[in-house]
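Here is a short tour for anyone meeting this protein for the first time. Have a look at the sequence and the model, then read on.

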Amino acid sequence: SKVVEFISYQNDTIASVFSCVSVFGCLVTGFIFGIFISHRDTPIVKANNRNLSYLLLVSIILSFLSVFLFLGRPNDVTCRLRETSFGIFFSVAVSSLLAKTVMVCVAFKSTKPGSPWRKWLSVKLPYTIVSLCSSFQAVICVIWLSISPPFQDLDTDSYPGKIIIQCNEGSDIWFYSMLGYLGFLAGVSLVLAFMVRTLPDSFNEAKYITFSMLVFCSVWISMIPAYLSTRGKNMVAVEIFAVMASSAGLLGCVFFPKCFIILFKSEMNRKADLLGKRKN
């Protein structure tokens, strides 16, 4: 009889490792969320739109939780959810960063007297960017699920004596369209953040967003050849690692510097507040 292979909670230590790292990632993100809510009226949290920061933190928590869809015996439902969920969660995260970067750029341009950019300084602009960018990814996923959704597949050919229970993407075109669109969003965010990183703003997040997008792009670019060259459990492990590494990259690059200032350098937070009052 052939051995059945998938990442099992009972037999694979790696499933326990991934579960623990994912839960730890959720707890750290939740802790940072708590810090941001309790310090929501400080300048460093209010700068660059705190609601976008909250949305970004929620999408990172959901990305860490999506790891559990990759563990255990795959079936048609988990196969459909695992691919589309990380695509949508990450597109929300990356479009939130894109919206933050656009607002840094617009805020700087609108400081000049009589600037036509002032009309873009509305509350609606960042939410419009996030809604449009995320909706486009959602549409790709809905079309993919309608035309040729992922499904449970039994691979009996790759390894003699083994049956690999895995997810078949259904349509490679739509799978790579989803990944490609995510890459496009990340690329636009990276280029824009890199361009505005030196703008004179006390709380210009662009340099942190640049680092986070560099990490994000590096992880997914290195993941694709590894993903294509592996089979079975290793293929799933590569995908899980990419989801966790890019989630951790976004969390670390964007939020750790701010949390350090809030917790350990609170005078920097107040000093900027005083500068703001002087300007007024």
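## Helices H3 and H8

In this predicted model, H3 and H8 pack at an angle of about 150 degrees, with 9 Å between their axes. That angle is over 145, so H3 counts as roughly antiparallel to H8. The crossing of H3 past H8 is left-handed.

Who takes part? On the H3 side you'll find Ser53, Leu56, Leu57, Ile60, Ser63 and Phe64, and they meet Val243, Met244, Ser247, Ala248, Leu250, Leu251, Val254, Phe255 and Lys258 of H8. Sorted by class, the residues of this contact come to 11 nonpolar, 3 polar and 1 charged.

## A closer look at Ser63

One of the H3 residues in that contact is Ser63. Is Ser63 buried or exposed? Its relative accessibility is 0%, so Ser63 counts as buried. A polar atom of the Ser63 side chain sits 2.8 Å from the backbone oxygen of Ser59.

Which residues does Ser63 touch, once neighbours within four places in sequence are left aside? They are Phe89, Phe90, Val243 and Ser247. Two of these names, Val243 and Ser247, belong to the H8 side of the contact with H3, while Phe90 is part of H4.

## Helices H1 and H3

H3 (residues 50–65) also packs with helix H1 (residues 13–38), at an angle of about 165 degrees and with the axes 8 Å apart. H1 and H3 are therefore roughly antiparallel to each other, and their crossing is left-handed.

From H1, the contact draws on Ser22, Gly25, Cys26, Thr29, Gly30, Ile32, Phe33, Phe36 and Ile37; from H3, it takes Ser53, Tyr54, Leu57, Val58, Ile60, Ile61, Phe64 and Leu65. By class that makes 12 nonpolar and 5 polar residues, with no charged ones.

## Helices H4 and H8

Next up are helix H4 (residues 76–109) and helix H8 (residues 232–264), which pack at an angle of about 25 degrees with their axes 12 Å apart. This makes H4 and H8 roughly parallel, because an angle under 35 degrees counts that way. H4 passes H8 in a left-handed crossing.

Arg82, Glu83, Phe86, Phe90, Ala93, Leu97 and Lys100 are the H4 residues here, and across from them in H8 are Val236, Glu239, Val243, Ser246, Ser247, Leu250, Val254 and Lys258.

Now for a strand: Val4 lies in strand S1 (residues 3–5). With a relative accessibility of 41%, Val4 counts as partly exposed, because that value falls between the 20% and 50% cut-offs.

How many residues separate Val4 from Ile163 along the chain? The answer is 159, yet their C-alpha atoms are separated by 4.8 Å. Leaving out residues up to four places away in sequence, Val4 touches Arg73, Ile163 and Ile165.

## The whole chain

Stepping back, the protein has 9 helices and 3 strands. Along the sequence they follow the pattern β-α-α-α-α-α-β-β-α-α-α-α.

Of its 280 residues, 49% count as buried. Among contacts with a separation of 6 or more, 74% come from residues 24 or more positions apart.

Notes: Residues are numbered from 1 along each chain as its sequence is written. This is a predicted model: local features need pLDDT of at least 70, side-chain atom pairs count only at pLDDT 80 or more; totals for chains, interfaces and linings use all residues. Side-chain values use heavy atoms; hydrogens and water are left out. Axes are lines fitted to C-alpha atoms, for helices over the stretch in contact, and angles run from 0 to 180 degrees between N-to-C directions. Helices (H or I, at least four residues) and strands (E, at least two) are DSSP runs, numbered from the N terminus. Angles under 35 degrees count as roughly parallel, over 145 as roughly antiparallel, 65 to 115 as roughly perpendicular and the rest as oblique. A crossing is left-handed if the near helix is turned anticlockwise from the far one by less than a right angle, and right-handed if clockwise. Contact means heavy atoms within 4.5 Å. Ala, Val, Leu, Ile, Met, Phe, Trp, Tyr, Cys and Pro count as nonpolar, Asp, Glu, Lys and Arg as charged, and the others, Gly among them, as polar. Buried means under 20% relative accessible area, exposed over 50%, partly exposed in between (1.4 Å probe, protein chains only). A polar contact is a pair of N or O atoms within 3.5 Å; within protein, one must be able to donate a hydrogen and the other to accept it, and residues adjacent in sequence count only if both atoms are side-chain atoms.
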